[in-house]
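This report describes one protein model, moving from conventions to salt bridges and nonpolar cores. Please consult the sequence and structure shown below alongside the text.

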Amino acid sequence: MALSPKLDLRQTQSLVMTPLLMQSIRLLQLTYVELEQFIEQEIEKNPLLEREDPASEHFSFESRGTSDERGPGEAGDYSRSVNSGDAGEHRDASDTGEQTEHWLVSGETTSSGSMSDTFDSSLENIFPDDPGTHDFIAGDLATQWKSSSGDGYVSTGGEGFNLEQVTASPLTLRDHVGEQIIFAFVDAADRLIAAELADHLDEMGYLRADVDEIAERLGVDAAHICKLVTVLQTFEPAGLFARDLAECLAIQLRAKNRLDPAMTMLLQNLELLAKRDFQTLRKLCRVTDTDLLDMLKEIRLLDPKPGTAFSSGVADSIIPDVQVDMAPDGTWNIELNPDALPRVLVNNTYYATIAKVTASPAEKGFLSECLQNANWLTRSLDQRAQTILKVATEIVRQQSEFLQFGVAHLKPLNLRNVADAIGMHESTVSRVTANKYMLTKRGVFELRYFFNAGISATKGGEQHSSQSVRHQIKLLIDNEKPEDILSDDTIVDLLKGQGVDIARRTVAKYREAMNIASSVQRRREKKAQASVRKGDGNSGFIRHTGVESRRVGK
């Protein structure tokens with residue numbers, strides 16, 4: 001068969017991902033903070049975009065066009081629950097200057113001689129930095145006084161004064177240690193070595209440095225550096241400059257005069273404590289169950305990470321995107337949070353004014369592109385809000401029992417269920433639920449929290465949510481008795497009696513995810529606590545408290 005060129009006409013249909021469409025999809029998965037940053041960048045690039053001022057609702061929109069000239073996506077009403085909020089009452093800042101003295105607000109020019117007669121003294125005594133060579137303009141002083149008193153602080157350069165820019169910076173761990181080094185060491189060389197060691201502190205306050213390497217680099221004896229470390233370990237808060245967890249706890253106990261031989265032995269066997277092997281610990285420390293539990297209480301009061309008190313990190317507050325409340329008739333009122341809705345307007349008046357005087361084709365093209373991008377952004381923001389509201393409404397409909405009765409009634413739910421119910425693609429629902437939060441009477445939940453796997457029910461019943469099964473496992477373990485500790489197999493049998501068909505390895509996985517110890521470790525701990533309550537301590541053991549010895553037990 002010979003190959004030859006030919007013309008062929010075909011009609012196909014395909015989806016083209018334009019840059020605007022890609023950005024519109026990207027807007028769905030942006031968080032509130034990311035969306036604010038994106039809008040700020042667009043406003044800087046596009047002269048036709050501007051934010052809506054809540055105060056402007058009380059005034060006309062002449063500067064940016066009438067209400068009919070607004071672009072889509074402005075602070076309009078959403079179809080379900082989003083309404084434009086009423087702005088608060090406003091007050092003219094100039095009214096705060098009404099209490100100004102008469103001579104200052106009279107607006108008259110006052111000479112140096114008349115002011116001296118008024119105050120019955122020379123200007124050198126009143127204004128020592130200004131010997132009266134200048135005349136005072138009362139109007140200027142009144143204006144300055146009004147502008148300063150109206151804002152509550154003195155304004156310089158016509159700009160507001162930001163108090164946060166002059167507040168003291170937070171005290172860091174390096175600064176806190178540096179202040180103590182100055183008083184702890186007299187020799188300048190020791191201070192330099194101590195400062196070098198302080199530079200090797202991690203955020204938890206542990207010393208992450210090789211003493212031999214520092215000694216070789218600084219040309220100092222390693223034993224001398226160890227002596228300096230011993231002094232540094234006396235700094236506040238107790239526990240700094242420790243090399244490991246056991247040393248950190250020992251430093252804090254030594255500061256409280258509670259580091260006795262029994263406690264030292266306990267710190268040397270922290271791995272047994274993690275396994276809750278109280279029987280072996282009791283033999284190694286030579287103490288009774290009562291004394292061992294007292295030692296554990298003392299350890300729980302210690303700080304394993306003393307350096308984190310100087311952490312400068314700030315926890316960001318979560319701004320919910322959706323608010324859910326129960327209406328008086330028993331239905332759910334679902335609305336978008338107005339604080340999480342950026343409001344952007346298209347200044348059509350400015351566009352019409354500039355378009356009249358624009359003659360260059362390049363300028364006209366730029367102006368047309370700005371108008372197109374501005375209209376696209378406002379429409380995309382409106383579509384984003386409507387999509388979030390639609391997805392949240394379906395989630396509330398599916399999980400109504402959870403909102404009303406608690407986590408035990410959480411139903412299994414996946415993205416496909418919601419997508420099919422609202423007529424959207426599964427990927428769209430996934431983008432909408434990413435990093436979005438819902439405020440309910442039971443707290444703030446991420447939208448992804450409501451999506452969880454289903455666990456089969458016995459006898460072909462309705463599936464159970466994985467979150468509700470975890471809750472049931474936790475309740476069973478919390479209510480178990482010391483003489484009847486529930487193993488994973490026992491929990492499986494109990495859950496099957498409640499209609500949950502679950503495997504033992506799944507129970508173990510959920511238990512470990514909730515940081516719950518195994519049945520063997522729980523049995524050891526609860527037996528020790530039960531023996532203390534009954535007073536069954538082994539007599540004959542002595543625990544040295546550092547300042548005295550006391551016999552424990554009967």
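## Conventions

A residue is called buried under 20% relative accessible area, exposed over 50%, and partly exposed in between, with a 1.4 Å probe and protein chains only. The model is predicted, so local features need pLDDT of at least 70 and side-chain atom pairs count only at pLDDT 80 or more, whereas totals for chains, interfaces and linings use all residues. Residues are numbered from 1 along each chain as its sequence is written, and side-chain values use heavy atoms, leaving out hydrogens and water.

## Overall architecture and confidence

The protein chain contains 24 helices and twelve strands; these are DSSP runs numbered from the N terminus, helices being H or I with at least four residues and strands E with at least two. Of its 554 residues, 37% are buried. The chain exposes about 33500 Å², of which carbon and sulfur atoms supply 50%; accessible areas follow the Shrake-Rupley method with a 1.4 Å probe, and for residues only the protein chains shown count as cover. Contacts are defined by heavy atoms within 4.5 Å. Among those between residues at least 6 apart in sequence, 62% join residues at least 24 apart.

The average pLDDT (the predictor's confidence in each residue, from 0 to 100) is 76, and 73% of the residues score at least 70.

## Salt bridges

A salt bridge requires a side-chain nitrogen of Lys or Arg within 4 Å of a carboxyl oxygen of Asp or Glu. The structure holds 18 of them. One joins R174 and D199 at 2.6 Å, N to O. This pair links distant parts of the chain, 25 residues apart: R174 belongs to helix 7 (residues 173–184), and D199 to the loop between helix 8 (188–198) and helix 9 (211–218). R174 is partly exposed at 33% relative accessible area, as is D199 at 48%.

K474 and D478 form another salt bridge, their closest N and O atoms being 3.0 Å apart. Because they stand four residues apart in helix 21 (residues 466–478), about one helical turn separates them. K474 is partly exposed at 39% relative accessibility, and D478 is partly exposed at 45%.

## Helices 22 and 23

D489 and R504 meet in a salt bridge at 3.9 Å, N to O. D489 lies in helix 22 (residues 488–497) and R504 in helix 23, so the pair ties together parts 15 residues apart in sequence. Relative accessibility is 45% for D489 and 42% for R504, and both count as partly exposed. Salt bridges with shared partners join D488, D489, R504 and R511 into one network.

Helix 23 spans residues 504–513, and its buried residues include V507, Y510 and R511. After this helix comes N515, with a positive phi near 60 degrees.

## Nonpolar cores

A nonpolar core is a set of buried Ala, Val, Leu, Ile, Met, Phe, Trp, Tyr and Cys residues joined through side-chain atoms within 4.5 Å. The largest has 29 residues, of which V322, V324, I334, V418, V429, M438 and F450 touch the most other members. Among the elements giving two or more residues to this core are strand 4 (322–326), strand 5 (332–336) and helix 17 (361–398). Helix 17 gives the most, with seven residues.

Leaving aside neighbours within four places in sequence, the contacts of F450 include I395, F402, L403, M438 and F445.
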